[in-house]
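Let's take a walk through this model together, one region at a time. Please have the sequence and the 3D view open side by side.

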Amino acid sequence: LQSGKEVFYLSYEEIPKEVITAMIVTEDKKYFAHKGVDYMANLRAAYSLVKHKGTIYQGGSTITQQLARNIYLTNEQTYARKITEIFLAAELEKRYSKNDILEYYLNNIYFANGYYGIQAAAHGYFSRGVAELSFSELMFLCAIPNNPSLYDPYEHFEDTLARRDSVMEQMYHDGKLDREQYLEACREEIVLCP
């Protein structure tokens with residue numbers, strides 16, 4: 001699972017806890033409760049897909065499913081790919097711990113502009129490692145993987161900022177962030193390296 005990305009690979013312990021919390025809150029709130037697949041979320045997403053005649057308005061993939069898709073599959077939107085993704089996710093959960101899966105996920109997800117993994121994104125956008133970034137900068141990075149085209153910081157900076165604020169707002173409402181930290185992080189100016 002680490003192949004080709006060793007240069008910027010971080011162990012679970014090296015990944016800031018705020019990043020892990022942000023990704024769970026925004027991507028998969030039931031992460032520690034399911035065994036790789038949130039069947040109700042997948043059913044809601046399928047219903048929405050049918051209701052909106054093939055237009056995707058909500059996702060149903062867990063973090064484990066996203067990892068399975070990113071590592072083993074393509075992004076083509078077919079029912080066969082989705083079913084394969086579900087089976088792969090269930091197998092990943094049998095073989096790896098939740099912490100291992102989060103580690104692999106955060107080292108392999110796409111952060112736009114050719115950056116795969118949180119450490120590569122930190123170096124690419126800020127010329128620093130994750131351990132040197134502010135909370136606001138970390139949350140800015142956490143905004144990108146949800147939709148790397150829409151939240152490409154160089155192409156859609158204001159959208160990425162808005163998504164950062166949304167990530168932090170979700171954390172605040174879930175009790176993972178206090179009000180003062182939330183407001184302070186929203187006020188912080190984000191400066192990308194050229």
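How many of the 9 residues of helix α6 are buried? Before we look, please note that this is a predicted model, in which local features need pLDDT of at least 70, side-chain atom pairs count only at pLDDT 80 or more, and totals for chains, interfaces and linings use all residues. Residues are numbered from 1 along each chain as its sequence is written, and side-chain values use heavy atoms, with hydrogens and water left out.

Helix α6 spans residues 118–126 and is mostly covered, with 8 of its 9 residues buried. Here helices are DSSP runs of H or I with at least four residues, numbered from the N terminus. Buried means under 20% relative accessible area, exposed means over 50%, and partly exposed lies in between, using a 1.4 Å probe and protein chains only. The buried residues of α6 are I118, Q119, A120, A121, A122, G124, Y125 and F126. Their cover includes α1 (17–27), α5 (98–108) and α7 (135–143), where contact means heavy atoms within 4.5 Å. Just after α6, S127 takes a positive phi of about 55°.

Now move along to the segment after α9 (179–187), where you will find E189. E189 counts as exposed because its relative accessibility is 64%. E189 and L161 are 28 residues apart in sequence, and their C-alpha atoms are 9.7 Å apart in space.

Finally, turn to the cysteines. C186 is partly exposed because its relative accessibility is 24%, whereas C193, at 16%, counts as buried. Taking a disulfide as a pair of cysteine sulfur atoms within 2.5 Å, the count comes to 0 disulfides.

Conventions: Helix = DSSP H or I, 4+ residues; strand = E, 2+ residues; numbered from the N terminus.
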